[in-house]
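Work through the following exercises with the sequence and the coordinates open, and try each task before reading its solution.

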Amino acid sequence: MIKKIMISQPKPANDKSPYFDLEKKYGVEFVFRPFIKVEGLSAKEFRQQKVSILSHTAVVFTSRHAINNYFKLAKDLRLTIPEEMRYFCVTETISLYIQKYVQYRKRKVFFGSTGKIDDLLPAMMKRKDEKFLVPLSSVHNDDIKHLLDSKGLNHTECVMYRTVSNDFTQEEVDNFDCDMLIFSTPTGVEYLTKSFPDVKQGKLKFGAFGPATGKALENAGLKASLVGGTKEHPSMISALEDFLKKEHKKK
């Protein structure tokens, strides 16, 4: 019987999150515990890439982590970001987050609707004179570089942050009593198997967000009881609701 489910992401800031609705509806408890965390590069580490932030006229943001570390590095390097800097974000939510650091002006902030860089291309192509800076994680592929190259855009990719293990304390290990683990990224699966090489399926059930994370579980020899981020279940909430509904019927 599933009573306690650990989800490898931060606890929702809003108590109106649908996760809490599922708790009440199905009598389960969700424990939110990120397996990985994002760590910004130091100013010294960033300088080694020999990238000049201020020689660029626009920035392409793919996540809030990119925004946080861009402005943090600017501060650490004692740089003043020009008022005329333009920002291109893969979603409106990410674009609104810029308000945490600078005054939001529509004429210099552009955003897509799909969360994919392709959706930003029309706006970027209209401003081909811009020199785009693309902050990235240490773990990334060259898809963005190849795409911008193919359009003849002037751009520079740079690493501003990295993903590291958010280690379990000994107390957490000793008191581990969950019935199910939900992973949000393949990296989380890798961390679990590296930290707990003896982990076995047994009665413990696993879930994943996205086919890539489901594949990571499969490669680790673990079966995914549910997978969110698919055509059938676009969100993790949808996948969990379906799973818990079926578990409820077994009682």
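**Exercise 1.** Is Cys89 buried or exposed, and at what relative accessibility?

*Solution.* The model is a predicted one, in which local features need pLDDT of at least 70 and side-chain atom pairs count only at pLDDT 80 or more, while totals for chains, interfaces and linings use all residues. Residues are numbered from 1 along each chain as its sequence is written, and side-chain values use heavy atoms, with hydrogens and water left out. Begin with the place of Cys89, which is in strand β5, residues 86-89; strands (E, at least two residues) and helices (H or I, at least four) are DSSP runs, numbered from the N terminus. Cys89 has 0% relative accessibility and therefore counts as buried, a term that means under 20% relative accessible area, whereas exposed means over 50% and partly exposed lies in between (1.4 Å probe, protein chains only). Then list its contacts (heavy atoms within 4.5 Å): not counting residues up to four places away in sequence, Cys89 touches Phe61, Ile94, Ser95, Ile98, Phe110, Phe111, Gly112 and Leu120. Of these, Gly112 is 23 residues from Cys89 in sequence, with 6.6 Å from C-alpha to C-alpha.

**Exercise 2.** Determine which residues of helix α8 are buried, and how they are arranged around its axis.

*Solution.* In α8, which spans residues 186-195, the buried residues are Gly188, Val189, Tyr191 and Leu192. Viewed down the helix axis, they fall within an arc of 160 degrees, so they line one face of α8; the arc is that of the directions from the helix axis to the C-beta atoms. The partners against which these buried residues pack are β3 (36-40), β8 (154-165), β9 (180-183), β10 (205-209) and α9 (211-219).

**Exercise 3.** Follow the contacts of Phe183 and Ser8.

*Solution.* Phe183 belongs to strand β9 and, at 1% relative accessibility, counts as buried. Leaving aside neighbours within four places in sequence, its contacts include Gly188, Val189 and Leu192, as well as Ser8 and Phe35. Ser8 itself sits in the loop between β1 (4-7) and α1 (18-26) and is buried, with a relative accessible area of 8%.

**Exercise 4.** Which values of phi do Lys50 and Arg78 have?

*Solution.* For Lys50, phi is near 55 degrees, a positive value in a residue other than glycine; Lys50 lies in the loop between α2 (43-47) and β4 (58-61) and is exposed, with a relative accessible area of 75%. Arg78, which is not a glycine, has a positive phi of about 60 degrees. Arg78 is found in the loop between α3 and β5 and, at 80% relative accessibility, counts as exposed.
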